[in-house]
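Here's a quick tour of the annotated sites in this model. Have the structure open while you read.

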Amino acid sequence: MAAAAAAAAKIAPSMLSSDFANLASEAERMVRLGADWLHMDVMDGHFVPNLTIGAPVIESLRKHTKAYLDCHLMVTNPSDYVEAFGKAGASGFTFHIEVTRDNWKELIQSIKAKGMRPGVSLKPGTPVEDVFPLVEAETPVELVLVMTVEPGFGGQKFMPEMMDKVIPSKFFWGVRTLRKKYPSLDIEVDGGLGPSTIDVAASAGANCIVAGSSVFGAADPGQVISALRKSVEASQIKG
Ligand SMILES: O=C(CO)[C@@H](O)[C@H](O)COP(=O)(O)O
C-alpha cells in the first residue's frame, strides 16, 4: 500500500501569485472555483530573500473570508509571530524545522493554544527524518510541508527528487517514506506544482497541494484546481 492515505485532498492556491491589491476578491474567487485552503506565504526578508505579508494582512483578509488560511511562516523567529497570527485569524501555522531545533515542543504547544493547527516545513536540503520526532511528539504537528523548490519565490521549477530526496551523493527519505510511515498525516508539497507535475507528487503520497502560478496563470483556474484534486484522489484509490 504505497500512497494510500486517509488524509483528504486539500488544494491550496498560493495567494502569493494573486493580485495583492484585490486579495479579498481573489480569495473569494479561489474558494468559488473549488479551493479547499488558501495558502499564505509569510516571508521576513531574512530566512528567505523576499518580503511578503504579515499578520495585519491575515487580519484584514479574515474579515472577508471564512476559508482555512494555511500560513507558511518562512521566518527566522516563528515564536515571535504566534500570538499575532492567532489573533489575526490564521487557521494553520507552519514553521520551518531549520530554525526551531531547540524549541519546537513549546512552539507547537503555543500554536495550539492560540487555536491554530501546527505544521512543520523542510527546505529541499533538509532530511525528512528531522521531522519524525515532531510528528511523534505528545503534542504533535498535524502537517508536514515538504518544499519542492527553494523557498522564497513563486514560479520556480518543481524538484521531483524531493519525493525521495535524492540529492547528489546524498539520500534522505522524502515524501514517499513519510507517507508509508504516517498513513493519515497531512503531507503538503509546495513549489512548481501544476497539471504536469502533480502525478509525481500525488503518487508519492502528498495530499495537500499548494499551487501558485499554475492556478493564477491559467485561463481556467477552476479546471487546474480540479485536475490537481483528481490526481490526488486517483493516487489514493490506486494505493
Ligand atoms: O512558498 C512558496 C515559495 O517560497 C510557494 O508557496 C510558491 O508561492 C508556490 O508558487 P508556484 O511554484 O506554485 O508558482
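## Ground rules

Helices (H or I, at least four residues) and strands (E, at least two) are DSSP runs, numbered from the N terminus. Residue numbers start from 1 along each chain as its sequence is written. Keep in mind that this is a predicted model: local features need pLDDT of at least 70, side-chain atom pairs count only at pLDDT 80 or more, and totals for chains, interfaces and linings use all residues.

## What the record marks

The unreviewed UniProt entry carries an "active site" annotation on Asp41 and Asp190. UniProt positions follow the numbering used here, feature names are shortened, and annotations may be inferred rather than shown by experiment.

The "binding site" feature, also from the unreviewed UniProt entry, sits at His39, Asp41, His72 and Asp190. That set spans 152 residues in sequence, but no two of its C-alpha atoms are more than 10.6 Å apart, so this group gathers at one spot too.

## Asp41 and His72

Asp41 belongs to strand 2 (residues 37–43), and His72 to strand 3 (residues 68–74). Some cut-offs: a residue is buried if 20 or more other C-beta atoms lie within 10 Å of its own, exposed if 12 or fewer, and partly exposed in between, with C-beta atoms placed from the backbone. Asp41 has 24 C-beta neighbours inside 10 Å, so it counts as buried; His72 is buried because it has 26 other C-beta atoms within 10 Å.

Now for contacts, meaning C-beta atoms, placed from the backbone, that lie within 7 Å. Setting aside neighbours within four places in sequence, Asp41 is in contact with Ser14, Leu16, Thr52, His72 and Met74. With that same exclusion, the contacts of His72 include His39, Asp41, Thr94, Ser121 and Leu145.

## Asp190

Asp190 is found in strand 9 (residues 186–190). It's buried, since 28 other C-beta atoms lie within 10 Å. Not counting residues up to four places away in sequence, Asp190 touches Leu145, Met147, Thr148 and Val210.

Technical notes:
Contact = placed C-beta atoms within 7 Å.
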